[in-house]
Every structure is written in C-alpha cells, then in structure tokens.
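Look at the model below. Start with the ligand and the residues around it, then follow the strands that pair with one another.

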Amino acid sequence: MTDTATEQSATAAASGAAATEQFRNKQRTGTDGTDTRRVDTLVTELLTAAHDIIRRHRLTYTEYDALKSWLIQVGEDGEWPLFLDVWLEHVVEEVANESREGSKGTIEGPYYVPGAPDLPADTALPMRADEAGTPFLFQGHVTGVDGTPLPGASVEIWHADDDGYYSQFAPGLPEWNLRGAVTADGTGRFRIRTVQPAPYQIPTDGSCGRLIAAAGWHAWRPAHLHLKVSAPGHRLITTQLYFKGDEHVADDIASAVKPELVLDPGPSADGTGREVTYDFVLDKA
Ligand code: MBD
Ligand code: FE
C-alpha cells in the first residue's frame, strides 16, 4: 500500500463520474444506429425477455420499485460504464472478434484514456519514484498472422497500480501513471518496464457494489494489463493479459478471461522482479 490517501478518498461516484466523462468523449466510427428496423428488433426482443422474466418469477411491486430505484441510482453514481462493461461487454467483444485469426481480444472496460504519453520501444511506464509493487518487464514482438514483423507497431498499455487504482479514476495519482503509448522498434519488438498491477475490486460504495452484495457475488477482477495493439493495414486489437495463479483468473466478475490471455512470468534476468514475453499477432484490416 503506497497511497493511503487514494485508498481513503476513492469513491464509486467520483470514479463513475470520470468514466462517464471519458465515455462521452469517445467516438466509435460507424453508423449512429438510426436504422429504425434494427432498433425495433433489438429493443422489442430485450423488452420481451424482461416481460418473460417478470411473468416466470412473478415479480412483485416491491421488487419493481427496488429495481427502479437502483436503476436511477446507477445513473446518479455514473456507474453505467462500469455496469455495462462488467456484465455485457464480453458478449459484444465475442461477436466483434469471432472472425479473428491472430491474438485473442477481450473487453476494453471503463478506464481507457486516449492520448497517453508516447514512449520508445525500450521504455518504462510513467510511475511515481516510490511506485509500489513487484517490478515487471513485459516484452515481445508484434507480427502479422503470417509471422511478418510489424515495425513501428503501436502498443498502448494501461493498468491499475499495486492498490488496484487507475490514474484519472482515483484521486491523488499522477495524470498518466502506469499509462503509455509504446512504439515498437524496426523489428516489431517492445520492452516495457512497469510494476505488476493488483486485482481490481468493483467499488463497494456504489450501485454496482450494492447489486453485488445483494446478489451475494464477489466483486473482483483478476489483476490485469490492458492493451490496444495496432499497425498500419492491420486490425487494432483491444485485449487484456492476466497472471497465472491469481485466484480470480478462473472467476472474473467481468467474464473477460480467456486461457490464451494468462501470462506465467518468471524471475527477471536482473533478479529484481518478474518478466514475461508475449507476442501479439494482428489480423489484416
Ligand atoms: C476494470 O479494471 C476493468 O478492466 C473492467 C472491464 C471493469 C471494471 C474495472
Ligand atoms: Fe481494468
């Protein structure tokens, strides 16, 4: 624990507000979804599924009011990005990436911020002088599916600190702490020094936390690195990497772990921490 101030003052509502603001700034390319027939189909089927659940379980007015009040509070807490990315995004990702031949993707989650500092191929992520956590060297190559190296590929990386907090979503952290946009070298190679992230706990003081408690679930995601890897002429991949031995790898609240995404780092060559090699394979655009 390095930053007791962060831990004491981090609130669900503040991180929710920041995630909501980030999402509003984000533009996905494509249609704006005004195809009336598709909206009709999707919303009608969603509502029909809800009607069916109400009938089958004989939902009471007390439960209906509890649902209504919870939904209102999710918005007030700014936790729609968190709720959607934890409980729905994994299926959207499954559909979006089903035709990929290269590396596996997984969900982006609510804490990506574009515009992280540009870093060279052999680099350290921005971190505090006394950044806590096991030193971790993450290295590898970016290639196409045919094995061709992709010189100058971009490896954007962001992750939580040793207390499980993300910069820009918890108070007291430097703006770009543990975030960077690394450019691979002429052979597609990257070598990134950072610290191992801690597992992430869904805030217990917000609406998502209340749902988790009410349903008797656990609130944890396994420790993970987030990545966006891209190169000209290739499909950008958004993914995460996990750590073998983490108890939540087999039981992620966000259902975003795939066996191919679990790292097994060894001791680092310099004896100070751990290191692992992981190669990214990008599909053609
Ligand atoms: C996270 O760190 C995350 O990656 C996701 C998907 C949801 C909540 C917190
Ligand atoms: Fe995350």
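Eleven names make up the shell around ligand 1: Leu82, Val86, Ile107, Gly109, Pro110, Tyr111, Tyr166, Tyr200, Arg221, His224 and His226. A residue counts as near a molecule if one of its heavy atoms lies within 4 Å of it. This is a predicted model, where local features need pLDDT of at least 70, side-chain atom pairs count only at pLDDT 80 or more, and totals for chains, interfaces and linings use all residues. Residues are numbered from 1 along each chain as its sequence is written, chains are lettered from A and ligands numbered from 1 in the order in which they are written, and side-chain values use heavy atoms, with hydrogens and water left out.

The shell holds seven nonpolar residues, three polar and one charged. Here Ala, Val, Leu, Ile, Met, Phe, Trp, Tyr, Cys and Pro count as nonpolar, Asp, Glu, Lys and Arg as charged, and the others, Gly among them, as polar. Helix H5 (80–87) and strand E9 (224–230) each give at least two residues to this shell. Helices (H or I, at least four residues) and strands (E, at least two) are DSSP runs, numbered from the N terminus.

Which side chains make polar contacts with an oxygen atom of ligand 1? A polar contact is a pair of N or O atoms within 3.5 Å; within protein, one must be able to donate a hydrogen and the other to accept it, and residues adjacent in sequence count only if both atoms are side-chain atoms. The table gives the answer.

| Side chain | Distance to an oxygen atom of ligand 1 |
|---|---|
| Tyr166 | 2.9 Å |
| Arg221 | 2.9 Å |
| His224 | 3.2 Å |

On its own, ligand 1 has 260 Å² of accessible area, and the protein covers 100% of that. Accessible areas come from the Shrake-Rupley method with a 1.4 Å probe; for residues, only the protein chains shown count as cover.

Now the strands. Strands of a sheet pair through backbone hydrogen bonds, either parallel or antiparallel. Two strands pair if DSSP finds at least two bridges between them. One open sheet has six strands, in the order E1-E5-E4-E9-E10-E11, with mixed pairing. Strand E1 (118–119) and strand E11 (262–263) are at the edges with a single partner strand each, so one side of each has no neighbour in the sheet. Within the sheet, strand E4 (residues 154–159) and E9 are antiparallel and share six bridges. There, Ile157 has Leu227 of E9 as its bridge partner.

Strand E3 (residues 135–144) runs parallel to strand E13 (residues 274–277), joined by four bridges. Leu137 faces Glu275 in E13. E3 also runs antiparallel to E6, with seven bridges.

E12 and E13 form a hairpin with six residues between them. Gly271 in the turn has a positive phi of about 75°.
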